[in-house]
Amino acid sequence: MPDNWGFVAAAYVITAVVLGVYWARLVRREKALAHRKPGRTRS
Amino acid sequence: MSFARRAFVVAWKDVLVERRSKETLNALAFFALLLLFVFQFALGPDRERLTGVLPGVLWLGFILSGLLALGRTFLVERDHDCWEGLLLAPGDKSAIYVGKLMGNLALMALVDTLVLGLFVVFFDIDVGHAFPGLVLVVALGTVGLAAVGTLFAAMTAHVRAREVLFPVLLLPVQVPVLLAAVKATEALLLGEPLAGVAHWIQLLAAADVIYVAVGVLTFDAILEG
Amino acid sequence: MAVRALGILSAVGLLVGLVMAFGVAPRETTQGNVQRIMYVHPPLAWVSYLAFVVVAVASVAYLVRRRPAADRVAHASAEVGVVFTGLAIATGSIWGKPTWGTWWTWDARLTSVAILFVMYLGYLLLRGTVEDRERAARYCAVLGIVAALDMPLVHFSVYWWRTLHQPPSLMKPGGFTGSSAILWPLLVNVGAFTVLYAYLLAKRVRLLRAEAEEAFA
């Protein structure tokens with residue numbers, strides 16, 4: 001059976017990228033909110 | 001007024017409104033006829049291929065007409081400024097849900113009979129012994145469609161893009177009903193006895209119970225504002 | 001900060017899981033190294049279902065008590081859940097191509113996850129479409145409950161649809177031989193992705209609360 005490393009890489013990379021982008025979006029929005037209202041976002 | 005009586009009043013009001021204007025029923029009947037043409041043109045004259053997909057196409061007919069009919073459940077109230085009347089109705093608002101559901105079931109019964117009749121005639125389906133089982137499957141499937149449809153119709157009545165959002169929300173939820181109904185219909189039309197499709201029937205019945213129960217329990221929350 | 005701790009824990013967990021998926025787990029005999037995708041696909045699918053259960057429970061909690069926090073959890077879980085579900089489908093599809101020769105097949109598992117995905121999308125669409133926040137919370141709660149109760153029905157109907165007149169597909173994803181070298185990396189990754197879900201959920205809820213506070217400030 002061929003190893004199909006390309007597929008394995010694709011699966012792992014896509015997972016990492018999508019989750020990473022989503023996480024980065026959350027971080028960015030939190031920072032933006034913190035900027036507008038200093039001291040109100042820390043729970 | 002008891003719960004049952006209030007539900008009945010709502011259903012009867014809808015029946016009367018429809019009897020006077022006949023707009024919905026006429027339009028749906030015409031739509032059913034048009035669907036027949038559309039399916040025939042889309043699927044071509046090849047009889048072999050047609051018989052294979054007939055159960056699915058039949059249920060497509062039920063679902064498409066159902067989407068149109070159910071989506072309009074609360075339009076009368078919305079368009080004629082009667083929405084507050086619903087909100088201010090005394091007592092348990094789920095009576096309104098049950099009433100609307102009964103009205104929808106009556107409407108769907110008529111439409112489904114028409115669709116089935118047209119299909120049997122135009123696609124030359126031999127229903128025969130399968131008829132009682134078929135009626136059961138169609139009834140159970142329609143209850144499932146109407147139960148969630150009535151609930152979602154209330155939810156989407158005031159939303160922009162209601163016409164799109166209603167089917168978009170309803171169709172995924174209806175997947176089990178669609179699968180069960182089509183498979184059961186297919187088996188029945190091939191001569192399978194009712195016992196052979198018992199699992200599908202049970203699934204449909206379970207779905208119906210769950211949907212109606214959730215509808216009754218959550219309708220109050222939909223009508224709060 | 002609990003959220004920060006969750007973040008660190010998930011990062012560590014994912015790293016360990018990654019190492020185990022490639023370092024500890026052996027090269028599978030029948031499928032070759034493609035099987036290593038099975039260290040991310042089932043964990044992602046598991047979290048997809050978990051997130052949906054959370055949406056349902058939070059929705060019930062909201063309808064019963066009307067606490068905004070419950071609504072925020074439902075909303076956040078739906079958003080995080082849709083990301084995981086999309087990834088579950090994508091990785092399942094990527095695994096399927098070399099294994100079954102096709103990018104998509106209507107087998108029971110993939111179909112169920114696809115329907116779950118569509119339900120998530122419907123939930124988020126409803127969220128976005130209803131303008132009044134309190135109304136949106138109520139409507140989405142009802143939708144969340146209906147959809148969640150529907151999922152068992154979806155499961156059975158799809159499974160029967162696929163298996164009653166056909167033999168089950170030859171390689172069931174996630175079916176392992178029982179060797180611990182395969183089991184442990186899988187479990188570690190399931191745990192790691194679950195912690196990651198909890199972390200992203202916490203962040204999203206916190207963001208929602210901050211946005212809500214800003215709107216009323």
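**Chains, contacts and helices**

Analyst: The secondary structure of chain A comes to one helix and zero strands, where helices (H or I, at least four residues) and strands (E, at least two) are DSSP runs, numbered from the N terminus. This is a predicted model, in which local features need pLDDT of at least 70, side-chain atom pairs count only at pLDDT 80 or more, and totals for chains, interfaces and linings use all residues. Residues are numbered from 1 along each chain as its sequence is written, while chains are lettered from A and ligands numbered from 1 in the order in which they are written.

User: What percentage of the residues in chain A is buried?

Analyst: A residue is buried if 20 or more other C-beta atoms lie within 10 Å of its own, exposed if 12 or fewer, and partly exposed in between, with C-beta atoms placed from the backbone. Chain A has 43 residues, and the buried share of them is 16%.

User: Which chains share the most contacts?

Analyst: Two residues are in contact if their C-beta atoms, placed from the backbone, lie within 7 Å. Chains A and B do not touch, their nearest C-alpha atoms being 25 Å apart. Of the two pairs of chains in contact, the one that shares the most contacts is chains B and C.

User: Which element gives the largest share of the side of chain B that touches chain C?

Analyst: The contact takes 26 residues from chain B and 27 residues from chain C. On the side of chain B, the elements giving two or more residues are α7 (131-156), α8 (162-173), α9 (175-189) and α10 (198-222). The largest share, nine residues, comes from α10(B).

User: How many helices does chain B have?

Analyst: Along the sequence, the pattern of chain B is α-α-α-α-α-α-α-α-α-α. Chain B has zero strands, and its helices number ten.

User: What is the radius of gyration of chain B?

Analyst: The C-alpha atoms of chain B fill a box of roughly 55 × 35 × 30 Å along the principal axes. The radius of gyration is taken over C-alpha atoms, and the globule rule is 2.2 Å times the number of residues to the power 0.38. For 225 residues a compact globule would have a value near 17 Å, which agrees with that of chain B, 18 Å.

User: Is Tyr199(C) buried or exposed?

Analyst: Tyr199(C) lies in helix α6 (residues 180-216) of chain C. Leaving aside neighbours within four places in sequence, Tyr199(C) is in contact with Val3(C), Leu6(C), Gly7(C) and Ser10(C). With 24 other C-beta atoms within 10 Å, Tyr199(C) is buried.
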